[in-house]
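My notes follow in the order I looked things up.

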Amino acid sequence: FKRTDRKEYFGEILKIAEEEKEEIILNEAIEILVEIGKERAIPFLIQTLNKSNGEMIGAIESQFLKIGILAIKPLIKVLENSELNRGTRRAAASILLKFGEPAMKPLISLLESKDDYTRYLAIFSLKGIKDSRSLNPIKKCLYDGNKEIQEIAIETLGEIGTGKELQDLRKIKEMSKWLEIKRKAKTASIKIKLKKFRRYKWGKGRGGFKICLLYTSDAADELD
């Protein structure tokens with residue numbers, strides 16, 4: 001392809017991209033579409049992602065990030081569209097977490113969705129963003145009727161929890177009828193507590209050495 005920044009060529013390049021089956025050439029066409037069309041390229045990016053069942057995320061993700069926050073709303077629509085294949089929806093969730101804080105509010109709103117997989121993916125993305133402001137909305141999902149959603153909510157609290165979530169984890173561990181939920185709640189609690197126990201000390205020796213005192217899951221009984 002001859003590189004161009006002239007927008008009038010967008011339609012011509014789009015037609016070539018739609019008909020192209022060679023992945024290398026397709027990727028080149030996609031790059032040009034984003035360069036000259038920005039958000040105009042989003043529908044084709046989504047179409048390509050869906051055709052590949054999410055497998056082209058490596059090539060597509062960087063293009064969404066180039067487009068910027070204008071891509072967040074369309075990606076949210078992909079994530080919550082139950083008619084699309086799951087690979088595409090999960091790919092959208094993976095891309096959304098790369099946007100960080102700007103994607104938080106729309107992702108949190110998806111926690112109220114009636115679709116189980118939408119709620120699951122929203123938590124998946126929020127877990128990757130690692131912002132403690134999402135903890136309170138996620139805590140409500142501890143009591144979701146879907147076991148997988150409970151599990152990822154617990155894992156997320158363990159990853160980004162600050163200590164205030166220990167009581168919630170203790171409660172779900174006591175209430176749950178599932179052994180796996182009890183185990184995950186215990187593991188998440190330990191992870192949160194470990195953040196308080198990590199300490200670094202300097203020991204004496206030839207040239208000096210650093211001893212890293214890290215409490216591991218072996219200390220579960222002591223931390224429980």
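Where is the place of Lys38? I found Lys38 in the loop between α2 and α3. The model is predicted, and I read every value below with that in mind.

**Entry 1: backbone angles in two loops.** I checked phi at Lys38. The value is positive, about 50°, although Lys38 is not a glycine. Lys38 is partly exposed, with a relative accessible area of 40%. I then went to Asn53, in the loop between α3 and α4. Phi of Asn53 is near 55°, again positive in a residue other than glycine. Asn53 is partly exposed, and its relative accessible area is 40%.

**Entry 2: the chain as a whole.** I looked up the secondary structure and got 13 helices and two strands. The chain has 224 residues, and 46% of them are buried. I turned to contacts with a separation of 6 or more: 62% of these join residues 24 or more positions apart. The chain exposes about 13,100 Å², with 50% of that supplied by carbon and sulfur atoms.

**Entry 3: the largest pocket.** I noted a volume of about 180 Å³ for the largest pocket. Its lining has 13 residues. Nearest the centre lie Ala17, Glu20, Leu26, Thr48 and Lys51. Which helices each supply at least two residues of the lining? I listed α1 (10–19), α2 (23–37) and α3 (42–51). The largest share, four residues, comes from α3. I sorted the lining by class and got seven charged, four nonpolar and two polar residues.

**Entry 4: helix α5.** I took α5, residues 72–80, and picked out its buried residues: Ile72, Leu75, Ile76, Val78 and Leu79. Seen down the axis of α5, these fall within an arc of 160°, so they line one face of the helix. I kept the general rule beside this: an α-helix has 3.6 residues a turn, so residues three or four places apart point the same way. What do the buried residues of α5 pack against? I found five partners: α3, α4 (57–67), α6 (86–99), α7 (104–109) and α8 (116–129).

**Entry 5: Glu151.** I located Glu151 in helix α10, residues 147–160. Is Glu151 buried or exposed? Glu151 is buried, because its relative accessible area of 15% falls under the 20% cut-off. I then listed what Glu151 touches, leaving out residues up to four places away in sequence. The list reads Glu180, Ile181 and Lys184.

Key
Residues numbered from 1 in each chain as written. Predicted model: local features only at pLDDT ≥ 70, side-chain atom pairs only at ≥ 80, totals over all residues. Heavy atoms only, no water. Buried < 20%, exposed > 50% of the residue type's maximum accessible area, 1.4 Å probe, protein only. Contact = heavy atoms within 4.5 Å. Areas by Shrake-Rupley, 256 points an atom, 1.4 Å probe, with all protein chains shown as cover. 1 Å grid on protein atoms, 1.4 Å probe; cavity = no way out; pocket = protein on both sides within 12 Å on 5 of 7 lines; lining within 4 Å. Points joined across faces, edges and corners; volume = space filled by probe spheres on them. Nonpolar A, V, L, I, M, F, W, Y, C, P; charged D, E, K, R; others polar. Arc of directions from axis to C-beta.
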